[in-house]
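Visitor: I would like to learn how to read a structure like this one. Can you take me through it feature by feature?

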Amino acid sequence: MSNQNKLIIVGAGGHGKVIADTAIKNGYTNISFVDDHAVGESMGFPIIGAVPEIEMLKDDQTDFVIGIGNNQTRKAIAERYDVRWVTLIHPSAQIATSVTLGQGTVVMAGAVINACATIGDHCIINTGAVVEHDNVIENYVHISPKAALGGSVCIGEQTHVGIGATVINHMAICGGCTIGAGAVVVKSIEQSGTYIGVPAQRKI
Ligand SMILES: CC(C)(COP(=O)(O)OP(=O)(O)OC[C@H]1O[C@@H](n2cnc3c(N)ncnc32)[C@H](O)[C@@H]1OP(=O)(O)O)[C@@H](O)C(=O)NCCC(=O)NCCS
């Protein structure tokens, strides 16, 4: 965190608000948003411009984080702007000491990340999610609230694991997948697509 405690959140919608709350609890006092579709304020913090204005707002005292849940959008923004992307962890999250977290990744309230898990850049480990030991989570992944990943699971880039979904231990899910809310993945997934149900099957 910079000395000035200055943070700009990209995206002032629901996910951005949750990040703002996490940022407050991390000691940030100077918080603002940029957003292409909203003006005014969000959570009492000002929306100071549209996303392209990041170029003018960036300096070496300002931290940035992306408050957008869509994995493709998050990737596009992260790759376009060379700024100080910070990693934010809610104080109630439980993260083992051997875990590595990439830049721009956010870990929300009550999430648990267990021993030797590796989390990539610009991931979302959302409220109450469980990421067990030895997981490998690639960049731009979203693990939704209350989703649970057993031990030694691998999740490929830009995959979204839906709310309350379960992935049993040792499964690998390739990039570009959506795992529907409440699905239970019991076989590895090698083809990008949407998978739903118990056990999870490709949605046609
Ligand atoms: C799986 C998912 C991506 C499908 O979205 P969609 O393509 O827009 O699908 P629809 O809503 O049009 O539903 C199509 C059918 O699939 C069913 N379906 C949708 N989601 C399902 C799910 N998670 N499990 C089982 N069936 C599901 C619908 O009931 C519908 O069935 P029908 O054709 O018999 O009526 C979506 O429903 C989902 O689960 N998204 C995850 C959301 C989430 O976790 N958000 C967290 C944000 S923090």
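This is a predicted model: local features need pLDDT of at least 70, side-chain atom pairs count only at pLDDT 80 or more; totals for chains, interfaces and linings use all residues.

Visitor: Which residues of H1 are buried?

Guide: Buried here means under 20% relative accessible area. In H1 that gives His15, Gly16, Ile19, Ala20, Thr22 and Ala23.

Visitor: Where do the buried residues fall when H1 is seen down its axis?

Guide: Start with the general idea. An α-helix has 3.6 residues a turn, so residues three or four places apart point the same way. Now the case here. The buried residues of H1 fall within an arc of 165 degrees, so they line one face of the helix.

Visitor: What follows H1?

Guide: Look at the backbone angles there. Gly27 follows H1, and its phi is positive, near 95 degrees.

Visitor: On to the ligand. How many residues surround it, and which are the closest?

Guide: Begin with the shell. It holds 13 residues, and the closest are Gly162, Ile163, Ala181, Ile196 and Lys203. Sorted by class, the shell has 4 nonpolar, 8 polar and 1 charged residues.

Visitor: Which polar atoms lie by the ligand's oxygen atoms?

Guide: A polar backbone atom of Ile163 is 2.6 Å from a ligand oxygen. For Ala181, a backbone N or O atom lies 2.8 Å from an oxygen of the ligand. Lys203 uses its side chain: a polar atom there lies 3.2 Å from a ligand oxygen.

Visitor: How much of the ligand's accessible area does the protein cover?

Guide: Compare with the ligand on its own. That area is 910 Å², and the protein covers 38% of it.

Visitor: Which side chains does Asn126 contact?

Guide: Look for N or O pairs within 3.5 Å. The side chains of Asn126 and Thr127 make a polar contact of 3.3 Å. Another, of 3.0 Å, joins Asn126 to the side chain of His142. His142 sits in strand S16, residues 142-143. This histidine is buried too, with a relative accessible area of 10%.

Notes:
Residues are numbered from 1 along each chain as its sequence is written. Side-chain values use heavy atoms; hydrogens and water are left out. Buried means under 20% relative accessible area, exposed over 50%, partly exposed in between (1.4 Å probe, protein chains only). Helices (H or I, at least four residues) and strands (E, at least two) are DSSP runs, numbered from the N terminus. The arc is that of the directions from the helix axis to the C-beta atoms. A residue is near a molecule or strand if one of its heavy atoms lies within 4 Å of it. A polar contact is a pair of N or O atoms within 3.5 Å; within protein, one must be able to donate a hydrogen and the other to accept it, and residues adjacent in sequence count only if both atoms are side-chain atoms. Accessible areas come from the Shrake-Rupley method with a 1.4 Å probe; for residues, only the protein chains shown count as cover. Ala, Val, Leu, Ile, Met, Phe, Trp, Tyr, Cys and Pro count as nonpolar, Asp, Glu, Lys and Arg as charged, and the others, Gly among them, as polar.
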